[in-house]
Amino acid sequence: MSTATASKSLVIVESPAKAKTIKKYLGPGYEVLASYGHVRDLVPKDGAVDPASGFAMHYQMIERNAKHVRTIISALKDADTLVLATDPDREGEAIAWHLVELLREKKALKDKSVQRVVFYEITQSEVSRAIAHPRGMSDELISAQQARRALDYLVGFNLSPLLWRKVSPGLSAGRVQSPALRLICEREEEIKAFVPQEYWSLEAHTGKDAQRFTARLLRLDGEKAEQFTLTNTDDAHSARDRILQAADGRLRVAKVEKKQRRRNPTPPFTTSTLQQEANRKLGFGSTRAMRVAQQLYEGVDIGGETVGLITYMRTDSVNLANEAVQQIRDLVGSQYGADYVPESPRHYKSKSKNAQEAHEAIRPTDMHRTPERMRAYLAEDQLKLYTLIWRRAVASQMASAVFDTVSAELTAGDHAFRANGSVLVFPGFIKAYQSGTDEPGDDDDDKRLPELVEGEDVTLHDIAADQHFTEPPPRYTEASLVKTLEEYDIGRPSTYASIIGTLQQREYVRMEGKAFWPTDVGMIVNRFLTEHFGRYVDYDFTARLEDDLDAVSRGEKKVEPLLASFWEDFAKRVEEKKDLSRGEVNEGRTLGTDPVSGKPVTAKLGRYGPYVQIGTKDDEEKPKFASLRANQRIDTISLEEAMELFKLPRNMGTTEDGTEVVVNIGRFGPYARFGDEFVSLKKDDDPYKVTLARCIELYEAKQAALEAATIRHWPEENIRIVKGRFGPYVSEGKLRARIAKGTDASTLSLDDCRALLEAEKQKKPAAKKSGARKSAAKKSVAKKSGAKKAAAKKSAGKKSAAKKSAAKKATAEKTAAATDAPWADGPGAADA
């Protein structure tokens, strides 16, 4: 595209990949740069959102993007117009607004013209259209994003420090993350409480002529057969015998029903359905699916031309542009035949209340770019996801699949069976795509029955009696969790990936196969939040809040009254709970009584992870502690398993030279100690069962490896030069000294080694002194604080100072908590 005037425009997008693609579409009058996402964020300290000042929000530049902002400021000097071409959603609008505000602060805008352009696909025609029709920024979308950011900060910044103090450091709680965690934990509780029920099924193995088929029990003794009609072996076999006797080798065809059934295609992808299908069909997690979709959207080099292959991937809409629909219908006609094109285009209605924020469903920008044609240009993941998107879009505009279905009732006296069959007579959209499902079920498609006539008999070969047990509800997968979050109206599709990512990063959940299992930490955090902040992890409350935020984006609600309504009750609740004792929050699970001491045995979560404890802090003797093993959990460990943990450390005896050998588990896993030397046990070595011989074997192997890596050795002083992983070093027992890069280690003398070790020794006391100074400083502060408290008791006039000290302490705790940004939200950031 060329520009009619000599003026120059600076175009800003989020990512360098997007910038590279768009640059190729624009003429010499345009410079395109990337902001690399958000350029500003809330200051990470108390007061970043100030409820007392109308919820004013205080921002600062994101340090990692400072250099990109400087590049933008420099380029802006030579431009007349700033064109903001960030993503066409709430987050993209906020990035554009933040950049403009930052440029104004730095007086870099001056008299420059500012334009906002949006496009939903990165193609030559769409980018040209957007540049030709700029608009102003949307105050409603900006307000909605700021409201979400403020809420996430207020929740995370107040709840997370509470968790740090009452449960364990490094934890976080949040507006959307916590209800998602609750779903996973409640499902786990359902599974734990589940009691399997036995039931039996009877299936008739029958046939006509040479064709065999099966039929399920429909009625027994004249009564409708239910799942729990037969619940034990005796009843099942008694029923089988009665039916066999009544049938005498034949079943009568009492009724035959024939119908034609149509199955319609599913709509093209939205963000959430793409994440679900990518998980079911490709095994992609939400983050991986969105990352690959972003690559396809921002542009791929296809034979020298960089082009966006799909439309914008954050959308709630199932609509397709009329041009796209026509292109798909033409392609279906040419590729599959006229019979596969429905009489009129298919139109889908979005279930999302806020779908107007999006433009179209996710589709290829050009349907003629088939997966086969794109195979040579795409990476493996890109091709897999593009194929999924292309096939789903094509199928959405294809004719229905048609099945001929048959249902036959077969009787023997007062007993009856039902046989179902279904034959695919016209594949329709199934030729291109068939949606996955999370629910296992029987599908009678292409299950043929012989031609059955009412009144005739068919042969009964046998009746199979099969035992079954009911199964607990399945654990959530990423696909089913995203589906459930959407059904509850919790969060938004653009944040699902970050919600799931945060739960995993905080180690609240772990993945086994495709399923989410809550960890001990996750269960305890959920219990704390559910018991003490139940309203804020309530599904309906969270959904209503999401609706209110969507109303802000539509201009139907104002931000400040919404935040004020939330904060009034939430602040009171936080204040009420700040004095909870650690025991009330993390009281642990009582397992039973130690058979030796008679003291209680409990399983708890501690600062360094889950552990079991014999006794209490009120006992005269100090309680005994033992860490849980990797495969053990607080909510499932038994008393017997717990007592096994106290068998460590194990005294294994001595070696031939009298060295004592002890086995234990440390911070870095199980190990054997030989005097002052340590050797790690291997993955398959059980510290509770490992033998002395095995420990010696591992020790000797370690010593042999050390000898092999030894460059020089002075045994009389136990000094050696060792070839290490990151370069050679000098060792003397536990003390190690690095050898300078470029030095030939083999030329070092004993004196050289002594000097290096002595220098290393000098460093360590200095470090200790530094730690001692910090410790002394802390003690000094503690003494002063104690003095202040004592003075406050004596003098009413000093109460105010004491209050200020407490306030400062609370602020310090919150500031410390904020350094881990537990309240960060939005695409590309952890949702809290």
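**Note on the predicted model**

1. Ser35 is found in the loop between β2 (30–34) and β3 (40–42); strands are DSSP runs of E with at least two residues, helices are runs of H or I with at least four, and both are numbered from the N terminus. This is a predicted model, in which local features need pLDDT of at least 70 and side-chain atom pairs count only at pLDDT 80 or more, while totals for chains, interfaces and linings use all residues. Residues are numbered from 1 along each chain as its sequence is written, and side-chain values use heavy atoms, with hydrogens and water left out.

2. Ser35 counts as buried because its relative accessibility is 1% (buried is under 20% relative accessible area, exposed over 50%, partly exposed in between, with a 1.4 Å probe and protein chains only). Its side chain reaches the backbone oxygen of Gly37 at 2.8 Å. Leaving aside residues up to four places away in sequence, Ser35 touches Ile12, Val13, Glu14, Asn65, His68, Ile72 and Ile95 (contact means heavy atoms within 4.5 Å). Thr86 is 51 residues from Ser35 in sequence, and the C-alpha atoms of the two are 9.0 Å apart.

3. Helix α2 covers residues 66–76, and Ala66, His68, Val69, Ile72, Ile73 and Leu76 in it are buried. Seen down the axis of α2, these residues fall within an arc of 160°, so they line one face of the helix; the arc is that of the directions from the helix axis to the C-beta atoms. The face turned away from the buried side carries the exposed residues Lys67 and Arg70. The buried residues of α2 pack against β1 (9–13), β2 (30–34), β6 (59–61), β7 (81–84) and α3 (90–105).

4. Helices α10 (residues 322–336) and α12 (residues 380–395) have axes that come within 9 Å and cross at roughly 95°. The two helices are therefore roughly perpendicular to each other (65 to 115 degrees; under 35 is roughly parallel, over 145 roughly antiparallel and the rest oblique). Ile328, Leu331, Val332, Gln335 and Tyr336 of α10 make the contact with Trp390, Ala393 and Val394 of α12.

5. Asp635 lies in the loop between β23 (624–627) and α19 (639–645). Asp635 counts as buried because its relative accessibility is 11%. Apart from residues up to four places away in sequence, Asp635 touches Lys192, Asp520, Met523 and Arg589.

Note on methods: Axes fitted to C-alpha atoms, helices over the stretch in contact; angles between N-to-C directions. Polar contact = N/O pair within 3.5 Å; in protein donor to acceptor, adjacent residues only side chain to side chain.
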